[in-house]
Amino acid sequence: MLVDLNVSWPQNGYKDQVSDEELTKLKTTLSTLHTLGYSHIALNFTVNQSDKFPNNVRDMNPMQIDTRFKDLMETTGLKIYSRITLIIDDPSKGQSLSKISQAFDIVAALPVSEKGLGLATTSLDIDILTFNYGNRLPTILKHKNICNCVNRGVKVEIVYSYALRDIQQRRQFISNVRNVLRASRLRGIVVSSGAQSALECRNTLGVSSLLRTLGLTNDQCSRSQGENASLALLNGRLRNGSYKQVIVMGSGAGA
């Protein structure tokens with residue numbers, strides 16, 4: 001089973017609207033990933049944690065996956081999920097995750113400051129820790145912080161599409177990935193595309209070839225796109241479908 005937990009949703013905030021052209025482009029990207037062998041995909045809505053969120057939980061998720069992608073899922077058999085990535089800068093201005101997590105299958109944190117990284121690795125109830133691999137990391141990653149985060153069940157994400165863009169982002173991607181692998185001791189790694197178009201999609205052989213040059217073994221490459229990514233998805237969905245490890249039967253039909 002191949003899992004991609006990061007396909008970009010074409011909105012930068014709740015004020016933006018999705019056009020028909022953007023939806024068509026997104027469906028083409030999803031179809032391409034299906035052709036490459038992926039079976040479970042998460043659409044990633046990235047928003048600043050300090051932005052104003054809708055008061056109603058139902059309005060927090062703008063994707064409408066069941067209606068907009070119903071035909072695609074029935075035709076291809078793809079399982080499509082929702083993910084929100086919160087850009088965290090100043091923790092004091094952040095939104096509470098209690099409501100946000102009810103509206104999405106996966107919750108991820110993208111820290112852009114040292115304080116934001118400290119919050120994400122210690123107390124936030126998230127599924128994935130990710131970074132902007134096209135820019136410098138917000139601070140030097142410490143083994144203790146990252147591994148404590150991994151021990152809580154949080155996965156550390158590598159987004160390979162940054163390596164496919166311009167040469168400057170490619171250089172920064174290589175540097176950042178090496179720092180992440182060093183700090184995590186190669187534990188809890190998941191690999192996602194972060195694709196904004198079909199041209200940024202790669203099959204498992206292409207992704208593994210890239211990651212092997214940066215320090216991962218073949219077995220670790222396979223787990224990062226399969227087992228580890230599946231666990232991150234499972235943990236996120238269980239947050240809303242279970243209580244103290246008691247699972248509500250029947251609520252995950254078609255999952």
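**View 1. R165 sits over the face of Y162.** The distance from R165 to the ring centre of Y162 is 4.9 Å. A charge counts as over a ring if NZ of Lys or CZ of Arg is within 6 Å of the ring centre and within 35 degrees of the ring normal. This is a predicted model, where local features need pLDDT of at least 70 and side-chain atom pairs count only at pLDDT 80 or more, while totals for chains, interfaces and linings use all residues. Residues are numbered from 1 along each chain as its sequence is written, and side-chain values use heavy atoms, with hydrogens and water left out.

**View 2. Y162 again, now with its aromatic cluster.** F131, Y133, Y162 and F173 make up one cluster. Rings of Phe, Tyr and Trp (its six-membered ring) pair if their centres lie within 6.5 Å; planes under 30 degrees apart are stacked, over 60 edge-to-face and the rest tilted. That rule gives six aromatic pairs.

View 3. W9 is in the loop between β1 (2–8) and α1 (20–35), and F69 in the loop between α2 (65–68) and α3 (70–76), 60 residues apart. Helices (H or I, at least four residues) and strands (E, at least two) are DSSP runs, numbered from the N terminus. W9 has 4% relative accessibility, so it counts as buried (under 20% relative accessible area; exposed is over 50%, partly exposed in between; 1.4 Å probe, protein chains only). F69 is buried too, at 0%.

**View 4. Y14 and F45 pair up edge-to-face.** Here the ring centres are 5.2 Å apart and the planes at 85°. Y14 belongs to the loop between β1 and α1, F45 to strand β2 (residues 38–48), 31 residues apart. F45 is buried, with a relative accessible area of 0%.
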